[in-house]
Amino acid sequence: MSNDRLRPETVAAHALRAVHEATGAVVPPIYLSSTYARDENYQPKLKENYVRSGNPTLWQTEETIAALERGTSALLFASGMAAITILLETVPHGAHVVAPDVMYYGTRDWMKRLEGLGRISLTLFDPKQEGALEKALIKGKTDLVWIETPLNPTWDLIDIEAAANAAHAAGAILAVDATATGAVTTQPLKLGADIVFHSATKYLNGHSDVLAGVLVTREENQRWADVGMLRTKMGAPLPPLECFLLMRGMRTVFVRYRQCSINAMAIARHFEGHPKVERVLYPGLASHHGHAIAARQMRDGFGGMMSLLVKGGFADAQKLCTRLKVIVPATSLGGVESLAEHRKAVEGPTSPVPDNLVRLSIGIEHADDLIADLEQALAAL
Ligand SMILES: *Cc1c(COP(=O)(O)O)cnc(C)c1O
């Protein structure tokens, strides 16, 4: 049965099976070859014959992710940032880009760099302000609207359908960084987005042992062909071994994501109103600014990402991270193990992130152990 007839849970669970009908191997071989022989007419046997342009392990992984996101086609990159910087290469010289003011800082820094070089003009909007995205658009000049939802590290939501309508009315495309949804809950392409992005390093792989990025498109067009060409020319496809590891991780993305969501909800409820905690930022809480959109837009759980604003300042937030014994004080997110990070220390003094914010990526451990760990660390403040 073709992948687009199957439910995403089934596509993910069978991620490793698609190509190996020939031998019946339930787990196919990894095609590590960097080059492929031509046939007797000197034609390539496959659609590409050099690993930088493509290979069977890469294609299988891309087909699986395209099916999960209900897209036409997917392109995998050596990192999330490789995918983002290459997509931004397709923005015409001097064109306008719109993005939220709080988002993954690597993306914001790169956009600001392009603006500083005079390559693009850039408007950062406040997603909490009603109508701010619409106001930021310049009809006929805005080429790309880049949003992230939920937004790192406040986990505010942006209404994808409304953003797509606004972008299209201005003649722009909408790209959505949906890393925090794990390609499981949201399917932005169905809501009108043109391109969806994931740092596959995070939930898609889920085991903190692969660096990867992916773009999925709703339609194959000139821009998409350019993205593929640039990936080859700039030498940025995901290597076969990483593709295999990513597929192995993706088989369990739904069960992992659901457990992360259940644990995160239990932790958010427990610490809301806690005497050492000023606020819990989690889209699953009714008190959260983005809850109404999240309840509509996120199909199956609110994910494992949350932030705690501790009572106190920079030093207290950092102390919380260093006192944790189960939760690991490390960057990244979406793995089976819980991680905590003091974002301000990582992003630097120019970052708009509050000093007292600790970002938590909740994993699949027993929620009671995580709650007890946070309790003992908070008690030390
Ligand atoms: C990690 C991350 C990225 C960058 O991806 P890499 O795989 O680290 O290059 C982009 N956006 C978000 C939301 C992320 O969490």
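Modeller: Ser73 counts as buried because its relative accessibility is 13%. Buried means under 20% relative accessible area, exposed means over 50%, and partly exposed lies in between (1.4 Å probe, protein chains only). This is a predicted model: local features need pLDDT of at least 70, side-chain atom pairs count only at pLDDT 80 or more, and totals for chains, interfaces and linings use all residues. Residues are numbered from 1 along each chain as its sequence is written, and side-chain values use heavy atoms, with hydrogens and water left out.

Now the setting of Ser73. This residue sits in strand β1 (residues 73–77). Strands (E, at least two residues) and helices (H or I, at least four) are DSSP runs, numbered from the N terminus. Beyond its neighbours within four places in sequence, Ser73 is in contact with Ala66, Leu215, Val216, Thr217, Glu220 and Trp224. Contact means heavy atoms within 4.5 Å. With Trp224 there is also a polar contact, side chain to side chain, at 2.9 Å. A polar contact is a pair of N or O atoms within 3.5 Å; within protein, one must be able to donate a hydrogen and the other to accept it, and residues adjacent in sequence count only if both atoms are side-chain atoms.

Next comes the partner strand. β1 pairs with β7 in the antiparallel sense, over five bridges. Two strands pair if DSSP finds at least two bridges between them. Leu76 stands opposite Val214 in β7. β6 (residues 195–199) also pairs with β7, antiparallel and over five bridges. There, Ile195 has Thr217 as its bridge partner.

How many residues of β7 (residues 213–217) are buried? Five of five. In a regular strand the side chains alternate between the two faces of the sheet. In β7, Gly213, Leu215 and Thr217 are buried on one side, and Val214 and Val216 on the other.

Now move to another sheet. An open sheet of five strands runs in the order β8-β9-β12-β11-β10, with mixed pairing. Its edge strands are β8 and β10 (328–329), each pairing on one side only. β10 runs parallel to β11 (residues 339–342), joined by two bridges. Pro329 is opposite Ala340 in β11. Ala340 also has a bridge partner in β12, Leu360. β11 and β12 run antiparallel, joined by four bridges. Both faces of β11 are covered: Leu339 and Glu341 are buried on one side, Ala340 and His342 on the other.

Helices come next. α11 lies across β9, β10, β11 and β12, at about 160° to β11. Axes are lines fitted to C-alpha atoms, for helices over the stretch in contact, and angles run from 0 to 180 degrees between N-to-C directions.

Last, α13 (residues 367–379). Its 13 residues should span 18 Å at 1.5 Å a residue, and its end C-alpha atoms are 18 Å apart, so the two agree. The expected span is 1.5 Å times one less than the number of residues. Ala367, Leu370, Ile371, Asp373, Leu374, Ala377 and Leu378 are buried in α13. Seen down the axis, these buried residues fall within an arc of 160°, so they line one face of the helix. The arc is that of the directions from the helix axis to the C-beta atoms. The buried residues of α13 pack against α9 (253–271), β8 (277–281), β9 (305–310), α11 (314–323) and β12 (357–361).
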